[in-house]
Amino acid sequence: MSHPYLPAVIALVQRAGQATLPYWRNDVAVTEKADASPVTAADLAAHDILASGLRALAPEIPVLSEEDAGIAFAERAEWQRWWLVDPLDGTKEFISGSEEFTVNVALIERGRVVFGVVGVPANGRCYFGGAGLGAWRQEAVGAPEAIAVRLAPAEAFTLVASKRHSSPAQERLLTGLSERFGDLQLANIGSSLKFCLLAEGNADCYPRLAPTSQWDTAAAQGVLEGAGGEVLDLKGEALTYEARESYLNPSFLGLPQAAEWRAELIQLARALD
């Protein structure tokens with residue numbers, strides 16, 4: 001099953017990713033936004049391609065991008081469908097010269113992700129999918145390959161961790177998981193690739209108990225949901241994207257929906273809430 005907009009969005013994400021590469025590993029100038037997060041010419045080049053391309057594809061669907069997020073809550077509260085865009089997720093990785101940065105586009109309808117596309121400009125890979133649609137990984141050359149979460153650890157229980165973000169609550173959760181599963185294996189990776197690692201069956205859980213914004217997570221959440229996963233808040237309810245005053249997400253857990261240890265993980269998480 002597919003979505004009529006999906007092929008065009010994949011092409012746009014790939015174009016936007018290509019637009020970032022002339023700046024990568026090339027002494028790109030970095031400026032600081034009001035929240036002290038970095039932004040580069042690569043972020044803005046990708047934003048311009050995505051914003052104009054999405055408006056041309058579906059003029060009736062508004063675009064909310066990290067690089068153009070100053071839209072009043074009263075206006076956003078009226079939206080039924082919108083594009084949620086992070087033109088360059090992992091800007092710090094990009095600045096450091098790492099390959100772990102992505103271009104992200106999600107279609108949101110009534111607060112839920114319809115589908116998401118995650119492009120990896122450095123190697124040309126692309127992930128895409130959505131709940132009820134399936135999920136795929138496509139390399140720079142070749143046909144898309146279906147991906148799915150794994151329901152049991154391959155060997156050690158593998159947690160996806162952020163290279164740059166942790167918290168005392170997250171450390172307490174890791175302690176609880178290690179008591180249940182024994183020694184944990186940590187897979188450190190940047191940007192929205194953390195969700196993708198889970199979606200393709202190379203990790204078991206992604207706990208995030210440190211701040212993220214809606215555009216950081218929506219596209220990759222679509223991929224994970226298409227692969228048989230889910231993203232829950234610490235009460236065990238689905239992470240959603242309805243219009244709010246703040247763009248910040250609550251703490252969340254990414255996991256396989258049918259994992260036998262799902263209830264135990266939620267119980268551990270509730271103790272932290």
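The following legends describe close-up views of a predicted model.

View 1. The protein is divided into domain 1, residues 5-146, and domain 2, residues 157-271. Their C-alpha centres are separated by 20 Å. Contacts across the boundary involve 38 residues of domain 1 and 29 residues of domain 2. Between them, the two domains bury about 2700 Å², of which 61% is on carbon and sulfur atoms. The size of an interface is often expressed as the accessible area lost when the parts come together.

**View 2. The open sheet of 7 strands.** The strand order is β3-β4-β5-β6-β7-β8-β9, and the pairing is mixed. The edges are formed by β3 (63-65) and β9 (145-146); each has a single partner strand, so one side of each is left without a neighbour in the sheet.

**View 3. The open sheet of 3 strands.** Here the order is β12-β14-β13, with antiparallel pairing. The edge strands, β12 (206-208) and β13 (229-233), each pair on one side only. Neighbouring strands of this sheet are turned by 15° against each other on average, direction ignored. Strand β14, residues 252-256, pairs with β12 in the antiparallel sense over 3 bridges. Within this pair, Arg208 stands opposite Phe252 in β14. Helix α7, residues 214-226, packs on the sheet through β13 and β14, and its direction makes about 130° with that of β13. Helix α8, residues 262-270, lies across β13 and β14 and runs at about 170° to β14.

**View 4. The largest nonpolar core and the surroundings of Leu64.** This core has 38 residues, and those with the most contacts inside it are Leu64, Leu84, Ile108 and Tyr127. Two or more residues are contributed by each of β4 (81-89), β5 (102-109), β6 (112-120), α6 (193-199) and α7. Domain 1 and domain 2 both give residues to the core, which therefore lies between them. Not counting residues up to four places away in sequence, Leu64 touches Ala69, Ile71, Arg76, Trp79, Trp82, Trp83, Leu84, Val85 and Tyr247. A second, separate core has 27 residues, including Leu12, Val105, Val114 and Leu133. In soluble globular proteins, nonpolar side chains tend to be buried together.

**View 5. Ser191 and its contacts.** Ser191 is located in the loop between β11 (184-188) and α6. With a relative accessible area of 8%, Ser191 is classed as buried because this value is under 20%. When its neighbours within four places in sequence are left aside, Ser191 is in contact with Asp89, Gly90, Glu100, Phe101 and Thr102.

Methods:
Residues are numbered from 1 along each chain as its sequence is written. This is a predicted model: local features need pLDDT of at least 70, side-chain atom pairs count only at pLDDT 80 or more; totals for chains, interfaces and linings use all residues. Side-chain values use heavy atoms; hydrogens and water are left out. Two strands pair if DSSP finds at least two bridges between them. Helices (H or I, at least four residues) and strands (E, at least two) are DSSP runs, numbered from the N terminus. Axes are lines fitted to C-alpha atoms, for helices over the stretch in contact, and angles run from 0 to 180 degrees between N-to-C directions. Contact means heavy atoms within 4.5 Å. A nonpolar core is a set of buried Ala, Val, Leu, Ile, Met, Phe, Trp, Tyr and Cys residues joined through side-chain atoms within 4.5 Å. Buried means under 20% relative accessible area, exposed over 50%, partly exposed in between (1.4 Å probe, protein chains only). Domain bounds come from an automatic or database domain assignment. Buried area is the accessible area (1.4 Å probe) that two parts lose on being put together, summed over both.
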